[in-house]
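Hello,

Here is the structure I promised to pass on to you.

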Amino acid sequence: MCGIVGYVGGQSALDVVVAGLKRLEYRGYDSAGVAVLADGGLAAAKKSGKLVHLEKELAERPLAAGSVGIGHTRWATHGGPTDANAHPHLDNAGRVAVVHNGIIENFAALREELAERGHELLSETDTEVVAHLLAEEFSSVGDLAEAMRLVCRRLDGAFTLVAVHADQPDVVVGARRNSPLVVGVGEGENFLASDVSAFIAHTRSAIELGQDQVVELTREGVVVTDFEGAPADVRAFHVDWDASAAEKGGYDHFMLKEIVEQPKAVADTLLGRIDASGRLTLDEVRIPDAVLREADKVVIVACGTAFHAGLIAKYAIEHWTRIPCEVELASEFRYRDPILGQRTLVVAISQSGETMDTLMALRHAREQGAKVLAVCNTNGSTIPRESDAVLYTHAGPEVAVASTKAFLTQLVACYLLALYLGQVRGTKWGDEIRAVVRELARSGEEVERVLETMEPVRALARSLAHKDTILFLGRHVGYPVALEGALKLKELAYMHAEGFAAGELKHGPIALIEEDLPVVVVVPSPKGRSVLHDKIVSNIQEIRARGARTIVIAEEGDDAVVPFADHLVRVPATPTLLQPLVSTVPLQVFACELATARGNEVDQPRNLAKSVTVE
Ligand code: M6R
């Protein structure tokens with residue numbers, strides 16, 4: 001979704017802002033623009049397409065140099081990705097410039113009202129009304145922060161706004177409601193951005209802004225108020241990763257780098273969460289043990305890949321704690337009037353911590369009295385801030401739109417949570433917990449081993465690049481893995497890919513099988529759960545008999561699958577519930593390679609945004 005950068009300080013604002021926008025490119029966008037205050041005026045440039053187009057425009061028609069500026073990458077909602085609809089938007093006098101992330105729901109009425117007062121609006125966006133309203137308010141109050149507060153009170157919907165005014169040339173003002181905005185605090189310079197990656201090269205001191213707050217930035221300081229002008233409470237935090245973590249580090253794509261980082265991400269997420277005696281110490285779970293003991297239901301809400309992590313978590317939670325667990329797409333959750341109460345524990349899983357559907361679901365849950373625990377990767381983001389507790393994943397920055405290391409760490413966090421619930425409620429003995437924790441601790445190395453054997457998977461992906469459809473099958477925790485494999489392929493390779501529970505095949509999907517159709521089958525561990533294993537071996541035979549080309553992901557030592565596998569991908573043997581930690585990895589590599597072979601942009605697939613901050 002849109003990326004926003006604001007800067008005030010001693011450097012060239014244009015350089016800082018454009019570099020910041022580059023670091024936000026991963027969010028997904030289709031146009032970009034900047035505005036700089038200089039020589040008593042305001043200079044702006046904007047272009048549809050990628051940042052290179054804007055940079056070309058700036059090279060051909062340079063802007064005056066200044067040290068206060070704002071910038072934006074736009075993911076189109078209202079109006080197509082044209083130059084005119086790109087941000088910043090200016091008032092008719094060209095004195096105020098504003099950039100926006102979110103949707104202003106009452107923009108049509110405001111637009112009409114402005115037109116009646118003689119304003120000429122030049123774009124199809126919802127944002128442009130804000131520039132005109134700010135100009136009007138500024139002309140009466142003479143202060144941009146106050147003008148912003150007055151305007152925000154009139155807006156419905158979700159918005160992060162950042163603005164500058166030529167008549168107050170040392171100030172950048174931001175506002176947020178339901179959309180992300182973080183402050184970077186430097187020495188004699190300050191930053192505003194959609195996320196910390198935009199300013200991490202300059203400072204690692206940050207402030208998270210709360211709901212309905214306005215922030216005024218000067219070189220000297222940062223002032224935050226609510227929409228009424230009262231001083232607001234904010235939380236300062238230190239960003240614990242540096243700029244190099246957000247670089248490609250020699251890989252062709254961020255996605256590849258992030259796949260390779262998974263062993264470390266898994267290990268980091270386990271770090272410090274087990275004491276010397278093997279007991280789990282999840283200090284961040286600030287929900288009292290008594291409440292966790294009383295919980296009669298767990299409800300997981302999430303979207304996309306995080307939803308798949310939730311589906312896997314359900315198996316662990318129910319098996320280890322015997323608490324019923326539901327998993328729901330966050331976008332569907334609140335609209336079906338879910339049954340929640342004080343004994344419901346809602347778990348909101350989100351890499352970005354900004355996904356609007358998940359945020360709305362957790363708000364709904366809290367309104368119904370449920371306790372909400374966030375599993376999140378992004379410090380300072382909205383979802384953990386609005387939850388009762390948070391279990392951070394320590395994946396580091398995930399830049400590629402396709403989620404990989406965040407997924408594996410979400411699984412680790414969910415396993416820890418399930419074990420913790422088992423510990424608190426006494427449904428798991430200490431030695432059982434220690435045994436699983438030992439397996440979890442080994443999983444980083446196992447992922448490493450999987451990564452070392454991926455060349456045949458890459459070759460296979462290249463050989464299938466011309467295919468139209470690939471299907472994925474799994475059972476038990478392998479079913480969400482199949483869904484995740486299909487999602488990765490859809491979003492990266494733009495192919496028809498579907499995941500099915502293998503047992504459902506005969507209820508319809510088997511009709512899709514035809515000669516040489518590639519079908520990936522995630523085979524459960526043969527140990528301990530032989531019924532499940534035997535059944536999927538039968539499923540493989542059924543599809544092979546109908547012409548499918550079978551790509552089988554099975555544990556080392558599982559010989560039963562060998563006769564029926566056209567392609568065999570081995571993963572280390574793990575306890576059944578933990579198998580997704582290893583079986584997902586080949587599917588990530590497969591999708592990445594296949595997308596590359598099709599000439600697709602791996603890190604920024606078409607139409608997609610990294611964090612989906614609108615419903
Ligand atoms: O930031 P979140 O984890 O809340 O994002 C949820 C989904 O938008 C995300 O997982 C999406 O499905 C990924 N692009 C999948 O790779």
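In helix α18, 16 of the 18 residues are buried (under 20% relative accessible area, with exposed being over 50% and partly exposed in between; 1.4 Å probe, protein chains only), so the rest of the structure largely encloses α18. Helices here are DSSP runs of H or I with at least four residues, and strands are runs of E with at least two, numbered from the N terminus. Helix α18 covers residues 580-597, and at 1.5 Å a residue it should span 26 Å, which agrees with the 26 Å between its end C-alpha atoms. That expected span is 1.5 Å times one less than the number of residues. After α18 comes G599, with a positive phi near 80 degrees.

Please keep in mind that this is a predicted model, where local features need pLDDT of at least 70, side-chain atom pairs count only at pLDDT 80 or more, and totals for chains, interfaces and linings use all residues. Residues are numbered from 1 along each chain as its sequence is written, and side-chain values use heavy atoms, leaving out hydrogens and water.

Next, two helix pairs. Axes are lines fitted to C-alpha atoms, for helices over the stretch in contact, and angles run from 0 to 180 degrees between N-to-C directions. Helix α1 (residues 13-23) and helix α2 (residues 51-60) have axes that come within 11 Å and cross at roughly 165 degrees. That makes the two roughly antiparallel (over 145 degrees). On the α1 side, L14, V18, L21 and K22 make the contact (heavy atoms within 4.5 Å), and on the α2 side L51, E55 and L58 do.

Helix α7 (residues 262-270) packs against helix α13 (residues 405-425) at about 30 degrees, with the axes 9 Å apart. The pair is therefore roughly parallel (under 35 degrees). From α7, the contact involves Q262, A265, V266, T269 and L270; from α13, it involves K405, L408, T409, V412, A413 and L416.

Finally, two single residues. T305 lies in helix α9 (residues 304-321) and is buried, at 9% relative accessible area. I103 belongs to strand β6 (residues 96-104). I103 and A158 are 55 residues apart in sequence, yet 5.3 Å apart in space, C-alpha to C-alpha.

Best wishes

How values were computed: Parallel < 35°, antiparallel > 145°, perpendicular 65-115°, else oblique.
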